Amino acid sequence: MSSVDPVSQDDKTKAEDFKNKANEFFKDKHFEQAIDLYTNAIDLDPTVAVYYGNRSFAYLKTESYGYALIDATKALELDPTYIKGYYRRATSNMAMGKFKLALKDFESVKRARPRDKDAQLKYNECNKIVRQIAFEKAIAVDSTRKRPSESLDVESMAVDSGYAGPRLDGEITAGFMSELLDWMRNQKILHRKYAFKIILEVKKIFQALPSLVDVTIPECNKFTVCGDIHGQFYDLLNVFKLNGLPSQDNPYLFNGDFVDRGSFSVEVVLTLFGFKALYPNHFHLSRGNHESETMNKMYGFEGEVKEKYSSQMVELFTEVFNYLPLAHIIGGKILVTHGGLFKDDDVLLDDIRKVDRDRQPPEDGIMCDLLWSDPQMLNGRSPSKRGVGTQFGPNVTEDFLSRNGLELVIRSHEVKPEGYEVSHNGKCITVFSAPNYCDQMGNKGAFITLTKDLKPEFTVYEAVPHPKVKAMQYASPLFGLLS
């Protein structure tokens, strides 16, 4: 059907039926099926703004922000008065850190509905973020300003005599970590002095690491790789229950996105940082796209740290996240990184090693692709569904592995119904370790166990109960306003 062909009444009726069915799938949180049905409606009748607007919302739920942006823009082309289109486009831009573009759409709604208090509230919240970012950029150029880690005097921090929790007066020990897990399991907060000490200790460790870390499978003949945790502390504890606590004989690699969305991100990151400090050569952490200032501002980690500790600690986390390695090579044959492969064909492992990672993630280049990219079924590459990074096909994976003498890519970054997915002819594995993601996706979690032969084995598990603190509890107020 060309763009000028009229749509028959029969096609309009069928399209509306597809939309109604899609809405039911959406209500039941089956977003992929909803997207397929909205697409069927659009194929039959591409003139209806609501179809694009609804599919945009479903794409937002699957974190396909680039696709959501395209659909919202198309909806507004069809109907400039379609208010939800502005909200969808604004949310897409915010998710990609483009707050000024989001502000323009909120401004459009405010002009269209000058007496709408809700529209004014959305505009004010977004404008607050834009102004905050502008202020932070202004002070960041001050070369005389100390880094957060340089301005801390931890030893002068007093610990009240009534504090009954774990104390860290020397090096981190296995006993301290056991006490810490028990303390936080009961929703108690580690004293700020000891939290700062953990963060500062791992900062020194991360700073000494290269951007690409080489890891060998130890003599214990077991190595565990976990994917996204996203602040789901009680599911993290369940991983340790199923697979054992970290130790020199039970090494782990957590592949980024420790924080955001889940509302126990502080507990997760202090646990992971504590074990990194305890077992620096047997417990490994990679940076994810959510270990970044923009993501933390929107998806809850910044708000949670401020609620449980302080703005000063937010700034320290931002500094330390910049030192996280971007990828690991296991046994000389497996690349583990959060997102995926690259827009360019000629990237070698040495190029990853040379990346200067002490920064916020850029919008393109090797560092961006490692944190943001996703695999696709078809050969070649496509623009990213997220609006950042790239989508890479089986031939891209095969070529990268061949040129670099590798056998497998393990990555995370995407929810999978069974917690993992094997793709690209067995050469690319996705592992996602946050079951029932955001308390609504219904997915299982998984982790990978590798032995000396480097053959992956999968453990799949369900979500466990957690205290009644909802996901996204500490996220930007805009997300509550845009749901």
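How are helix 3 and helix 5 oriented to each other? In this predicted model, local features need pLDDT of at least 70 and side-chain atom pairs count only at pLDDT 80 or more, while totals for chains, interfaces and linings use all residues. Residues are numbered from 1 along each chain as its sequence is written, and side-chain values use heavy atoms, without hydrogens and water.

Helix 3 (residues 49-61) packs against helix 5 (residues 83-95) at an angle of about 25°, with the axes 10 Å apart. The two helices are therefore roughly parallel to each other (angles under 35 degrees). Helix 3 passes helix 5 in a left-handed crossing. Helix 3 contributes G53, S56, F57 and L60 to the contact, and helix 5 contributes R88, T91 and S92 (contact means heavy atoms within 4.5 Å). Two of these residues are nonpolar, four polar and one charged.

The largest nonpolar core has 61 residues. Such a core is a set of buried Ala, Val, Leu, Ile, Met, Phe, Trp, Tyr and Cys residues joined through side-chain atoms within 4.5 Å. Residues with the most contacts inside this core include L190 and F233. Elements that each supply at least two of its residues include helix 8 (174-185), helix 9 (192-207) and helix 10 (233-243). A second, separate core of 60 residues includes A90, L103, C368 and L478.

Q187 lies in the loop between helix 8 and helix 9. Q187 is not a glycine, yet has a positive phi of about 60°. Q187 is partly exposed, at 44% relative accessibility (buried is under 20% relative accessible area, exposed over 50%, partly exposed in between, with a 1.4 Å probe and protein chains only). H230 also has a positive phi, of about 50°. H230 is buried, with a relative accessible area of 2%.

Note on methods
Axes are lines fitted to C-alpha atoms, for helices over the stretch in contact, and angles run from 0 to 180 degrees between N-to-C directions. Helices (H or I, at least four residues) and strands (E, at least two) are DSSP runs, numbered from the N terminus. Angles under 35 degrees count as roughly parallel, over 145 as roughly antiparallel, 65 to 115 as roughly perpendicular and the rest as oblique. A crossing is left-handed if the near helix is turned anticlockwise from the far one by less than a right angle, and right-handed if clockwise. Ala, Val, Leu, Ile, Met, Phe, Trp, Tyr, Cys and Pro count as nonpolar, Asp, Glu, Lys and Arg as charged, and the others, Gly among them, as polar.
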